[in-house]
Each structure stands twice: as structure tokens, then as C-alpha cells.
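Subject: A structure for you to explore

Hi,

Here is the structure I promised to pass on. Have it open while you read, and I will walk you through what turned up.

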Amino acid sequence: MTGPGVITTVLAANRGEVARRIFRACRRAGLGCVAVFSDPDAGAPHVAEADAAVRLPGASPAGTYLNGPAIVAAALAAGADAVHPGYGFLSEDAGFARAVQAAGLTWIGPPADAIEAMGSKIISKKLAAEAGVPVLPELAPGAVTGYPVLVKASAGGGGRGMRVVRSADELPAALESARREAQAAFGDGTVFCEPLLTGARHVEVQVMADSRGSVWALAERDCSVQRRYQKVIEETPSPAVTPPLRARLRAAAESVTRAVGYLGAGTAEFLVTGDGEFFFLEFNTRLQVEHPVTECVHGIDLVALQLDVAQGLALPPGPPPASGHAIEARLYAEDPADGYRPASGRVHALHVPDVDVRFAPPSGPAASGLRLDAGVEAGSEVSPHYDSMLAKVIAWAPTRQAAARVLASALDRSLIHGPATNRDLLAGVLRDPAFLAGQADTSFLDGFDLAGLVPSGEACRLAATAAALAGATANRSAARVAAGLPGGWRNVVSQPQRASFDGPRGRIEIAYRWSRDGIVVVPDPAPGTREPAPGAMEPPPGAVDGTGAGLVVVAAAPGHVVLEVSGVRYRFDVARADGVVWVDSPLGHVTLNPLPRLPEPAAVAEPGSLVAPMPGNVVRIEAAVGQEIAAGQPVLVLEAMKMEHQIVAPADGRLTQIRVAAGDQVQAGDVLATVAAEDAAAEDAAAADAAAEDGAAKGGADGEDPVPA
């Protein structure tokens, strides 16, 4: 350190997009940047962008990004004189803050005592109540009498360690699961209960405080669109907050902030009921994931302000007034239609068009724009060990409707190739009439039509057609022999060539043929059918739109195909990697798996097999071999991407096999257990009984007792 509070080099004690966001602010301030990384993150963008990077050996959060002593040692080894914790991991760990300061480093965050007081939801609610702010009653797990209730982790956030409990029978398992998840994510397994308010909105107020006594209470953010109590879409201002309610919320946030002598960036979170009442939920002693929407409407850089406050500088007399509306969408590697199952693997493309800024607010006044904060790039690996968020896409505009429209359009036009994502869900929410009317509360996604996110049959068929034609032209371009002849060319018209795909709605087969004038798509022709005219396509049998409209192949290249459907032309962009094809068009985004013409014999899982949907760690076995179980009953629990995931029985039956034990690491596709359906179990039992009776009969006939095999 060159002087009291003076910062020259900052270590970001985090990963992904938040580390990159911190580095962007540091670069603008002329400060050096140090990264830390786990083994799975060795090739991550935040590592490449730092001036220096220090390895944290291992993969688990506990051994890497939650390893406070190792991170402090990394800062000292790399010559950093300050540590920024970002959000998540150790950002709300008072012990870590004290360790950083004890090492002679500047802590870019609130005082450790404030973290200790406000980082615990239990303690912060008591302090808020003492400051006159309304709170929901805290319920000790052993004292719960009324339901439903919400089990919550005292530390951390992001929906981890939270469970809805609707009956007394559910409470013990929910408490145990929440404790495990909180311990794994935050290093603190403390949980508590509170009444569950249905139909409420999640509204929060961003605060910023300095050492001179200034406290800013900025525009409120509405974070009501959530899945599994984790925010998905955030916006400012809230469409449900009136000016009088806004004033009350800001006053409450300022009171809580001043009550603990807070410094730096923080967030007071509230539940707001339909009749305008509000209750304090918690105080986050850190930067929030959704901070960009506040930056966009106020025109400020919250991370830069954190750096200033950490060096003892004063805030300006007041914040710039908020202007316009901003909405953020969190892009996750997950499949909403499959219960929000997290996904992992390589990102082959992540391109959001027309982005104005990255990792920073607009540099000057702008009526509207688009911002991207991404933790991954093309070539990045999404690891099962950490949170599955890929990026945040933020739009700001003069009005809420305009911001929603710009953001939905940007998501639609993005190229995202790799693991499954929630992109279509985000765009669907932004166009939903209830959302646009400002009616979304915390239960909004509970009734959302997730099945409707699957591309239509027509979109799948046309995407498969484009994929087949692009593949055919790619093969033609790569040909080294008879390159002047079309692929599959014959002097006599014969059977067309075929390409088959496994798509979102099942198997799709496309037939096509090269002619002298180009490639054509054909239905299954009867023997002797005349070759169609160049560029023409008859409707395929069972055409999904049922109209029988013709289709024209306008252009076909390895990377794109233009098809004319009922007189309207559409461009389909086609990309391939790792045996997968991604097709993007104005009709939607379709992922296809090409099927081989002559498939090799493959191992078939036994009926009733429970297969790991993702790589993860087995944390608990919930049933025993031989036990009769019901459909949907948990058999075991996997931990992946910092969340627990139940593996449930597919049908009523008997658990005949468990192949794993608690603590085992499994890969996607591994068979974990087997459940014999009721009919099969009954047949097995009858066969066993018959064999026993047969053995007894034989033993009696011989005048001897049956001899065990």
C-alpha cells in the first residue's frame, strides 16, 4: 500500500462476469488487476484479462473461491493492495473482511462489523425492527405452527438455501436440504423460517454510503420475476411503486443503512404487498448482480464509487436523478422446460447484436441502449461446480415498454450455441401481457407456459431442412474428388439423399437431391416420380402447417440457407460443433442432433433407470434398495452448480438397485439407480415365489429339505 487507503492494484476475489466488471472499473481508474482461478476456470476470460492471476488448486467452491486464507495469500503474492469481493462466495463473510485488513490490504466493502450485523438475515431483521422498519416475524424451525412458510439461509442469497414448506411433514427434509445447500454455497448452514407471503413483489433499494455521513438511496429495483427464489429479470423503477411508497421505501432503506454505520454499496430488500404495505427482508452487504439497471438510469458507476469510498473519498452531494427505465435479463445455462435443469459444457458462440457498452454504464447521456456483462465467451467451458449464469443483458430506454421491446429483440437475435439456455423464456416473459401490464409478482413463473417454449413443429421442420441443405453444401465444398459434380449425382434420377435429426419435437427426416441447377428438397417420391423443377419443393408428407404451401430453396451455403415459405423469405443461420447443429432464424432457435444413417449398436439403459441429468456430487441417498416407492418420490440428491437437485422415481415401483453412494462424483448420463415398475416388480415377486414353491415341492418329493442354491 502506497499510503493510507490508497489503492494501486485490486484482486477480485471472485470469478466470471463480476470479476470482469470489477476489472473494467479498475482499468478506467488506472488500477492494476489480479485474478484468482480454480482449475476449471484456468481458461476463463476473467483470468485472461487480469495483469496477474493466481491459481486456487481444486474445483469445489469450498477449496477455491470460499478459501479465504488462500485468497489473501494470493493477493499478497501478486502484489495487490486491495481486495474486492464481488458478490456471492465470501462477499458477506465478516471473517474474510477482517483477514484482508489484518494482512494490511484495503477491503473494498463495508466494515466487518456491518457485514456481521447485516450479512445475517436474522440479525439484520432485528436491527431493522429497532429502526422502525416493518419486518416479517422470524420463526424458529421448532416453533413453526402455521403454513406455508419459507425456509431461508441466514447468509448469502441467490435463492440458495431456500425452500417452500406447505406442511409439517415437509419441514425436516426442507431444513436439512437448505442447511446443506447454504453451507456449500456460503460456508454457513444457519437457516430460519418466516411466513410465506403469496402475491407479493420483491422490491429493493440500492444504497451507497461514505465515511462522511452521506447516504444515497437510489431508484428502487423490482426483482419479482424469479424461479426457485432466484431472480431472473430485474428492472428499475418498479411498475408497482407509487411516489408515496417510493419515498417510504427509500426512507426505510436509509434508516437501516445508518443504523449500522454502513459504508459502500448495499441493498435493502423488501416484500411489497398488493395493498402497498412492505416488509424488510434482508440487507445485502455487497454489490448486487442486478446493479447495472441502477447504473443505466442514474448514469453512475457503482464499482467506481466503491473504489472511492474504500479510499476515504466523499460521495458527491447527491446522486444524479434517475431517468427512463432499465431492464436486465439473466441468461442462464439451463433448460426451463425440463424443470430448469442446469446445463454445462462448451460455449461455441455468444453474440448479442447491437451492444452499446460492456461491463460499464453509458459514458454519456443516451436515451436508449443495450449493455452486456458476460462471464463467458466462445470457447469458454460452463462448469458444473459453479453458478450457471452466462451473462446479463440490459436494455434502457425512455419508457418501460420500449426497454422491454429492445431487450426481447436483442435476445431473439442473439447467437447462443452450446449448453441449453433460458433465452426463450426471457424473451417470452418480456412480451407477456401480464408482465407488460406490470402485474408480475414472485409467483409469476409458477404458472408460465414452459411447454410453449419448445419451437413449433413448423419451425423445427424448416430448421432441419436448412440444416440438411447446409450440410450438403458443406460436404460439396469439402469434396476433393469429382468436385465439379453435385454430391450424390446420378445420370438417372434415383432415390433422394436423406438427413435425419433428433429435434425438440422428435425425429425429423429431410429428403433432398442435387440437380444440374442446384439443390432441391423433395417429398418421399413414389417410383417413377418426375424430378422436380430446380429450386422447387413440394410440401413434405404430413407438413406441420397443414397448408400444403410450396417452399423454394433460394440459396444454400454451408453457413446459411434462405428458404421462401408461402412467398416469404427467411434466412436460417446454421452452425455445427461437437456433433450438434444450431439453427437460428426469425422463426426461432432450434438445436438438432444429426442421426447417423447406420447407427452403431449402443448400450441401452435398463428400463426404470434413473440417469444423472448433469455432472454433480451425490450428497444424499433418500431411499433403500427393496423399498416400495411412488412416482415422483426422491431417491437421491445431487449437488451441481451450487444447487441441490432431487432425482425422483419415474413411476410407482420397487427400488431394485442403487449404484452410487453419498460423496460420489457422477457424470451426465451415469445410471444412478433402478426402479422396477409395479407390474415388473409384481412379476419378479411372483417368479421368485413360484421358484421357491417349486423348490419346496421338489424337496418334499425327495423326502429332504430344500437346499439353498
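Before we start looking at neighbours, one term: two residues are in contact when they have heavy atoms within 4.5 Å of each other. Please also keep in mind that this is a predicted model.

Setting aside residues up to four places away in sequence, Ser154 touches Gly119, Ser120, Lys121, Ile122, Thr190, Val191 and Phe192. Is Ser154 buried or exposed? Its relative accessible area is 4%, so Ser154 counts as buried.

Now the overall picture. The protein chain has 15 helices and 40 strands. Of its 709 residues, 50% are buried. Among contacts with a separation of 6 or more, 63% are between residues 24 or more positions apart.

Arg21 is in helix α1 (residues 16-28) and is buried, because its relative accessibility is 1%. Arg21 and Gly86 are 65 residues apart in sequence, with 8.9 Å between their C-alpha atoms. Ala112 belongs to helix α5 (residues 112-118) and is buried too, at 8% relative accessible area. Beyond its neighbours within four places in sequence, Ala112 is in contact with Ala94, Ala97 and Arg98. From Ala112 to Arg98 the C-alpha distance is 6.2 Å, and 14 residues separate them in sequence.

Now for the charged pairs. How many salt bridges does a search of the whole structure find? The search finds 42. Here are some of them:

- Glu92 pairs with Arg286, their closest N and O atoms being 3.0 Å apart. The pair links distant parts of the chain, 194 residues apart: Glu92 is in the loop between β4 (82-84) and α4 (94-102), and Arg286 in the loop between β13 (278-284) and α9 (291-298). Both Glu92 and Arg286 are buried.
- Asp222 and Arg201 meet at 3.0 Å, N to O. Asp222 is in strand β10 (residues 215-227) and Arg201 in strand β9 (residues 201-209), 21 residues apart.
- Glu234 and Arg330 form a salt bridge with their closest N and O atoms 2.6 Å apart. Glu234 is buried at 0% relative accessibility, and Arg330 is buried at 5%.

Glu234 and Arg330 also belong to a network of salt bridges with Glu204, Arg221, Lys231, Glu269 and Glu290.

Asp432 is in the loop between α12 and α13 (433-436).

Finally, visit the second largest pocket, with a volume of about 930 Å³. Its lining has 39 residues, and Asp335, Pro419, Ala420, Thr421 and Thr591 lie nearest its centre. By class, the lining has 20 nonpolar, 11 polar and 8 charged residues.

Enjoy exploring!

Key:
Residues numbered from 1 in each chain as written. Predicted model: local features only at pLDDT ≥ 70, side-chain atom pairs only at ≥ 80, totals over all residues. Heavy atoms only, no water. 1 Å grid on protein atoms, 1.4 Å probe; cavity = no way out; pocket = protein on both sides within 12 Å on 5 of 7 lines; lining within 4 Å. Points joined across faces, edges and corners; volume = space filled by probe spheres on them. Nonpolar A, V, L, I, M, F, W, Y, C, P; charged D, E, K, R; others polar. Helix = DSSP H or I, 4+ residues; strand = E, 2+ residues; numbered from the N terminus. Buried < 20%, exposed > 50% of the residue type's maximum accessible area, 1.4 Å probe, protein only. Salt bridge = Lys/Arg side-chain N within 4 Å of Asp/Glu carboxyl O.
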